[in-house]
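User: I'd like to learn how to read a structure, feature by feature. Can you take me through one?

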Amino acid sequence: VSTQSTGGGAETQVAQLASLLSAPVAVTYLHNDAFPADHPLYAGSLGYQGSQTAMHSIREADVVIALGTRLSPFGTLPQYGEEYWPKNAKIIQVEVDPRRIGLTKNVDVGICGDVKLATEELTAQLEEGGFACMETVGERLETLAKVLIVL
């Protein structure tokens with residue numbers, strides 16, 4: 001998540017999507033204000049001087065939903081000697097500037113549009129159609145809690 005989500009007033013929608021998926025949320029370099037730090041799914045920032053919790057969380061992801069971020073090298077290059085960016089994850093990137101979609105990372109789904117509107121639509125479609133990751137939600141939340149304690 002990056003500042004396009006806060007500048008566009010999408011904080012509530014991003015939090016709703018994260019809660020629906022029970023997915024940890026990481027923010028990008030210098031955009032710590034893009035998601036509420038007191039939210040239970042907040043994992044910290046990725047990349048340069050980022051949070052090891054965020055890096056651990058994304059390392060095992062099978063899907064990355066990148067909201068309002070160009071996925072710059074500052075948020076995706078190895079840190080602390082750790083290659084954390086998931087090599088096999090599917091990437092869904094929502095970005096208002098079409099030139100930034102897939103610019104630094106190959107994406108599987110590129111959505112050119114407003115983060116708030118796109119997140120509302122993603123949430124609505126997931127609520128309607130269901131999704132496979134709910135089968136492992138307890139295990140994922142337990143792992144996130146352990147990582148937060150250890151790191």
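User: Among contacts in the protein chain between residues at least 6 apart in sequence, what percentage join residues at least 24 apart?

Analyst: The figure is 58%. Contact means heavy atoms within 4.5 Å. Before going on, note that this is a predicted model: local features need pLDDT of at least 70, side-chain atom pairs count only at pLDDT 80 or more, and totals for chains, interfaces and linings use all residues. Residues are numbered from 1 along each chain as its sequence is written, and side-chain values use heavy atoms, with hydrogens and water left out.

User: How many helices and strands are there in the protein chain?

Analyst: Six helices and five strands. Helices (H or I, at least four residues) and strands (E, at least two) are DSSP runs, numbered from the N terminus. Read from the N terminus, the order is α-α-β-β-α-β-α-β-β-α-α.

User: What share of the 151 residues is buried?

Analyst: Buried residues account for 42% of the chain. Buried means under 20% relative accessible area, exposed over 50%, and partly exposed in between, with a 1.4 Å probe and protein chains only.

User: Now helix packing. How do α2 and α5 pack?

Analyst: The general idea comes first. Two packed helices are described by the angle between their axes and the distance between the axes. Here, α2 (residues 11-21) and α5 (residues 115-129) pack at about 25 degrees, and their axes are 9 Å apart. Axes are lines fitted to C-alpha atoms, for helices over the stretch in contact, and angles run from 0 to 180 degrees between N-to-C directions. The two helices are therefore roughly parallel to each other. The cut-offs: under 35 degrees is roughly parallel, over 145 roughly antiparallel, 65 to 115 roughly perpendicular, and the rest oblique.

User: Is the crossing of α2 and α5 left-handed or right-handed?

Analyst: Left-handed. That applies if the near helix is turned anticlockwise from the far one by less than a right angle; clockwise is right-handed.

User: Which residues of α2 and α5 meet?

Analyst: From α2 come Q13, V14, L17, L20 and L21. From α5 come V115, K116, T119, E120, L122, T123, L126 and E127. The residues of this contact divide into seven nonpolar, three polar and three charged. Ala, Val, Leu, Ile, Met, Phe, Trp, Tyr, Cys and Pro count as nonpolar, Asp, Glu, Lys and Arg as charged, and the others, Gly among them, as polar.

User: Which residues of α2 are buried?

Analyst: Q13, V14, A15, L17, A18 and L21. Take A18 in α2. A18 is buried, with a relative accessible area of 6%. Not counting residues up to four places away in sequence, A18 touches A23, V25, F35 and L41.

User: In the largest nonpolar core, which residues touch the most other members?

Analyst: In soluble globular proteins, nonpolar side chains tend to be buried together. A nonpolar core is a set of buried Ala, Val, Leu, Ile, Met, Phe, Trp, Tyr and Cys residues joined through side-chain atoms within 4.5 Å. The largest one here has 14 residues, and V14, A18, V27, F35, L67, V94 and V115 touch the most other members. At least two residues each come from α2, β1 (25-27) and α5. The largest share, three residues, is from α2.

User: Which residues is F35 in contact with?

Analyst: Leaving aside neighbours within four places in sequence, F35 contacts V14, A15, A18, V25, V27 and Y42. Another core lies apart from the largest one; its 13 residues include L46, I58, V64 and A89.

User: Where is L71 found?

Analyst: In the loop between β3 (63-67) and α4 (73-76). Phi of L71 is also positive, near 60 degrees, in a residue other than glycine. L71 counts as buried, at 6% relative accessibility.
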